[in-house]
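Please read it with the structure open beside you.

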Amino acid sequence: MIYTSKIKTITFLIVTLLFISGKVFCQSSSYGNTYIFNTSEIGIIDIQHNFFNGGSGIQPGIVGTDRTSIQGFLSFVGTASWTGASNSAFVDGYVKSYLTSAFTFPIGDNNKYRPAAISAASLANPANAAYYGVSATTAITSKLRGGNEPVLPAGGPFNTSLMGAGVGSVDNVEYWDINGTTSAKITLTWDATSAITSLTSLTILGWNGTQWVAIASTVDSTSLLGGSSTLNSGSITTNANLVPDNYSVYTLGTICNAGTTAPVVSSNTITNTCPTTTVNLNSLVTSNTPSGTSIVWFTNNNHTGSAYATPTTAVAGTYYPFYYDSVNSCYSPVGAMVTVTITVPTVGGSISSNQTICSGSAPSDLTLSGNTGSVVKWQKSTNSAFTSPIDISNTTSTLLGTDIGNLTATTYFRAVVQNGTCAVANSDYATVSINSTTWDGSAWSNGAPIITTTAYMTGNYSEATDIFACTLTVSNNAVASIPSGYDVTLYGKLTVETGSSFTLNNNTNLLQQTEVTNTGIIKVKRNTIPMYRLDYNLWSSPVIGTQTLMDFSPLTSNVGPTNIRFYIYNTLTNLYNSVNATSTTFDTAKGYLIRMPNTWVPYSTSATAASWTGTFTGTPRNGSINYTLINTGDTTRFNAVGNPYPSTLLMNNFINGNSSSIEGTLWFWRKINDNNNLVSYSTCTTLGCTLNNNAIYTDSNFISIGQGFLVKAKTGQTTLNYNNSMRSNANVDQLFKYTTTEMDRYWIKLSNSNNLSAGQNLIAYIPEATTAYESGLDGLYLNDSAIAFYSLADTHEVVINARPVFDTNDIIPLTFKSNVADTYTFSINQKEGIFNGSQEVLLRDNYNNTIQNLTFSNYSFSTAAGIFTDRFDIIYQNQLNNSNPSLTSNAVIIYNNNQTTFIDSGKILMASLKVFDIRGRLLYQESNINDSKTSMKLNVANQVLLFEITTQNGEIITKKYIK
């Protein structure tokens with residue numbers, strides 16, 4: 001191989017050329033070709049180089065030059081020329097022309113001879129060129145000497161997908177680097193590997209630094225390669241001179257027939273005309289479609305994806321127009337965006353929903369759905385044909401029941417709808433039906449009413465069946481009497497016209513589902529439990545009116561000033577004050593304590609108590625009620641209130657609905673004069689009730705009609721609330737009842753030596769409880785008796801104790817109090833859940849050091865008067881371990897009864913007893929007692945006595961006692 005010395009690039013001045021004309025400087029090498037290294041230059045001056053035969057010091061075949069930024073050149077100067085170039089003999093690198101005439105560069109790459117030509121250059125401003133037989137997108141070709149070149153030339157690579165306006169495609173297999181400052185025409189060549197598909201759209205492209213741009217060019221009829229230009233071989237020349245340095249590199253490409261001008265549209269919006277439901281996008285294009293192209297539409301502005309398939313029947317959306325050259329697969333610039341709005345024909349839709357309502361009430365809201373278009377108005381009619389419709393001014397899809405108002409006849413409703421400029425359409429109609437039926441004294445005219453039927457009674461009624469109706473009107477002097485145990489349930493109001501009557505007999509409810517105001521006077525009858533003449537009941541009226549307390553119970557004593565037996569509760573004193581029954585009327589939700597009539601059954605051991613019927617007269621109450629509580633301090637917060645409705649109250653709903661206003665304990669008057677009851681009230685919470693009158697009831701979930709009770713206002717609270725959600729249709733036969741709902745609970749009862757009840761405690765175990773006081777679960781002790789027992793929840797004294805989930809280790813201390821010394825008995829009188837199974841309840845007497853299993857037997861004990869907080873515990877497993885119990889003074893009970901003094905030492909046997917006065921004088925002694933109980937008559941009074949007891953174990957204790 002011949003290669004040049006590594007010397008600086010030769011500058012060929014004219015004078016120098018004269019001297020070295022016909023000479024070259026080269027050096028032989030083992031490569032077998034000629035290679036010109038970086039910055040070196042071999043000049044062919046005024047002679048012809050033959051690539052096939054070689055000569056002038058240059059080997060035949062391929063001449064290589066460095067392609068990098070410090071290129072080597074094979075230069076042609078003066079009249080120099082070349083011949084014999086082919087795919088195996090060309091310059092693989094850069095050729096430079098100093099000629100002032102047209103010159104063809106004998107260049108190639110990768111075994112391809114691909115000359116380029118310029119029409120002019122100059123000695124002072126030579127031109128040079130190299131061919132790269134690779135994609136301009138990568139711009140990396142192989143080295144002649146092995147390996148790969150870097151990206152060449154500078155500024156590459158040149159992405160063939162980046163095309164300027166009007167460029168249809170870019171040759172992706174080759175490019176030329178042509179440099180020079182002399183303006184000239186440029187010619188490029190191609191062969192079969194160039195994959196030319198059309199001569200008509202073929203052009204020369206130049207890289208302007210950011211994209212390929214088209215340069216106006218014409219295919220040469222006679223190819224630079226010889227012969228005519230064809231798809232497999234030919235050349236193309238720019239139409240005008242250009243400075244080669246204006247573009248980084250050159251390649252072949254196609255001109256896009258779509259041009260560089262975007263389609264023009266007449267409007268940016270288009271809307272269909274009913275009844276058609278599409279538009280023709282092409283009708284908007286006002287510019288001429290270039291030859292060889294068609295108008296296409298895309299839903300994006302960069303023609304990605306597929307063109308919109310049906311532009312002549314386009315639906316709603318956003319579209320962009322382009323001219324498309326299908327031969328060269330290219331597009332024009334994008335035209336203006338067009339928005340298509342489709343107005344579909346009006347659809348009236350349907351209305352929900354048909355309904356049946358009470359006469360004189362408003363229907364539920366009517367709602368339009370499934371419509372296409374906007375509501376123009378609504379209409380109503382008395383017939384479904386809408387022969388004479390009445391317009392309703394409403395353009396929304398909902399017609400409110402409040403806007404419709406109260407209806408008294410079946411009415412039809414529809415909406416009038418219009419979509420854009422399309423014709424109006426009516427919706428389907430909805431029917432608001434008003435059905436009625438009339439009782440004529442023997443039968444219903446249109447069948448028995450249901451909750452949506454307007455009912456009328458024009459004849460006498462006493463049928464033993466429940467009534468459900470929308471509204472009920474009693475007229476025409478009809479006498480309606482609802483038998484005991486049946487209910488009247490109304491959606492709306494009850495009307496009793498003058499001259500007619502309506503009676504709710506005992507154990508009958510009137511319930512109403514809406515907060516309407518009733519009209520007319522009714523009677524509500526309530527039976528008491530069996531009672532004697534001197535017994536009392538706490539009443540509350542279920543009606544509104546002018547009925548006085550004396551009207552209600554005319555035979556109850558009302559002789560002033562000391563024999564008035566009508567009372568109201570005085571919160572400030574916590575006592576009942578008598579009132580003038582002839583002038584006092586029943587207030588809403590207020591409790592009144594009234595004694596039985598003077599003519600009622602007097603109490604005796606042989607007499608049988610009887611139930612008394614009270615009759616309330618007035619307009620039945622309904623809806624929400626607010627009662628103002630008196631609340632002036634911690635001890636002045638008790639109020640006597642009552643059930644204000646002619647229906648049963650759900651106790652739990654009432655308590656929970658007032659949880660922020662009152663303590664969750666209700667107290668019911670239970671004091672009757674059968675001498676079997678030492679306490680005045682039964683106590684109730686949501687867990688149940690303690691019953692203190694020896695009566696056995698069946699349900700305490702309810703507060704019956706006419707029932708009064710006590711509540712305690714919480715600190716700062718003065719409002720008690722009632723509403724229809726608290727009401728029930730339970731047919732409660734007595735005033736206040738006891739529950740059948742089972743849980744883990746039991747009731748402990750305390751009785752005195754005469755078997756008189758001293759009250760109950762309820763112990764219940766539920767998951768939601770804790771050992772702390774919880775209003776609504778724990779029942780507060782009212783302190784209404786001198787003899788009682790209770791436990792603690794925190795610091796609160798309770799007779800209903802709500803405990804968490806049962807634990808056998810639980811211990812409940814009991815406080816016992818009595819104002820007299822006596823013998824008392826604890827017993828379990830009811831148990832449920834686990835306590836009705838295997839779980840036992842034990843009572844521990846800490847004074848006697850004994851444990852009694854109350855599950856199997858009662859426990860009796862003797863006591864002196866006093867309050868005992870540490871004597872009794874309820875436990876659930878036997879914890880008594882003392883095998884040698886000792887006698888303590890607390891365990892000794894001393895009391896007097898009928899001039900006899902009794903001594904009880906519990907489980908410890910007494911051996912002897914001595915009684916001393918305070919001065920130490922022996923007043924009485926007894927030996928060989930051998931019992932835990934003894935008695936004697938002491939002829940002393942108003943003295944402090946000392947009782948010295950010696951047990952059989954030899955223990956001696958002394959107990960002080962005041963006689």
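This is a predicted model: local features need pLDDT of at least 70, side-chain atom pairs count only at pLDDT 80 or more; totals for chains, interfaces and linings use all residues.

**Notes on the disulfides, sheets and cores**

1. Cys-422 is buried, with a relative accessible area of 3%, where buried stands for under 20% relative accessible area, exposed for over 50% and partly exposed for what lies in between, computed with a 1.4 Å probe on protein chains only. Its partner is Cys-274, and the sulfur atoms of this disulfide lie 1.6 Å apart; a disulfide here is a pair of cysteine sulfur atoms within 2.5 Å. Cys-274 is partly exposed, at a relative accessible area of 24%.

2. Residues are numbered from 1 along each chain as its sequence is written, and side-chain values use heavy atoms, with hydrogens and water left out.

3. By the sulfur distance rule the count comes to 4 disulfides, and with bonded cysteines counted along the chain their pattern is 1-3, 2-5, 4-6, 7-8. As a reminder, a disulfide is a covalent bond between the sulfur atoms of two cysteines.

4. Cys-256 sits in the loop between strand E23 (250–255) and strand E24 (269–271), whereas Cys-330 belongs to strand E27 (residues 330–331), so the pair ties together parts that are 74 residues apart in sequence. The strands named in this note are DSSP runs of E with at least two residues, numbered from the N terminus. Cys-256 and Cys-330 are both buried.

5. Where do Cys-358 and Cys-470 lie? A disulfide joins Cys-358 to Cys-470, with an S to S distance of 0.8 Å. The torsion about the S-S bond of Cys-358 and Cys-470 is about -125°, so this disulfide is left-handed. Cys-358 is in the loop between strand E30 (355–356) and E31, and Cys-470 is in the loop between strand E40 (467–469) and strand E41 (471–474), so the pair ties together parts that are 112 residues apart in sequence. Both of these cysteines, Cys-358 and Cys-470, are buried.

6. Ile-434 is found in the loop between strand E37 (430–433) and strand E38 (435–439), and Ile-434 is buried, with a relative accessible area of 13%. From Ile-434 to Thr-452 the separation is 18 residues in sequence and 7.8 Å in space, C-alpha to C-alpha.

7. An open sheet is formed by 3 strands in the order E29-E31-E34, with antiparallel pairing. Strand E29 (350–352) and strand E34 (398–399) are at the edges, each with a single partner strand, so one side of each is left without a neighbour in the sheet. Two strands are taken to pair if DSSP finds at least two bridges between them. E29 is joined to strand E31 (residues 366–369) by 3 bridges, and Ile-351 stands opposite Leu-368 in E31.

8. Another open sheet has 4 strands in the order E80-E79-E82-E83, again antiparallel in its pairing. Strand E80 (922–926) and strand E83 (956–962) are the edge strands, each pairing on one side only. Strand E79 (residues 910–917) is joined to strand E82 (residues 944–951) by 7 bridges, and Lys-914 stands opposite Glu-948 in E82.

9. The largest nonpolar core has 44 residues, and those with the most contacts inside it include Tyr-746, Leu-750, Phe-826 and Phe-947. Such a core is a set of buried Ala, Val, Leu, Ile, Met, Phe, Trp, Tyr and Cys residues joined through side-chain atoms within 4.5 Å. A second, separate core of 42 residues includes Trp-82, Phe-105, Ile-118 and Ile-186.

10. Gln-760 is found in strand E67 (residues 757–765) and is buried, with a relative accessible area of 9%. Leaving aside neighbours within four places in sequence, Gln-760 is in contact with residues including Cys-689, Trp-747, Phe-789 and Asn-829.

Notes
Contact means heavy atoms within 4.5 Å.
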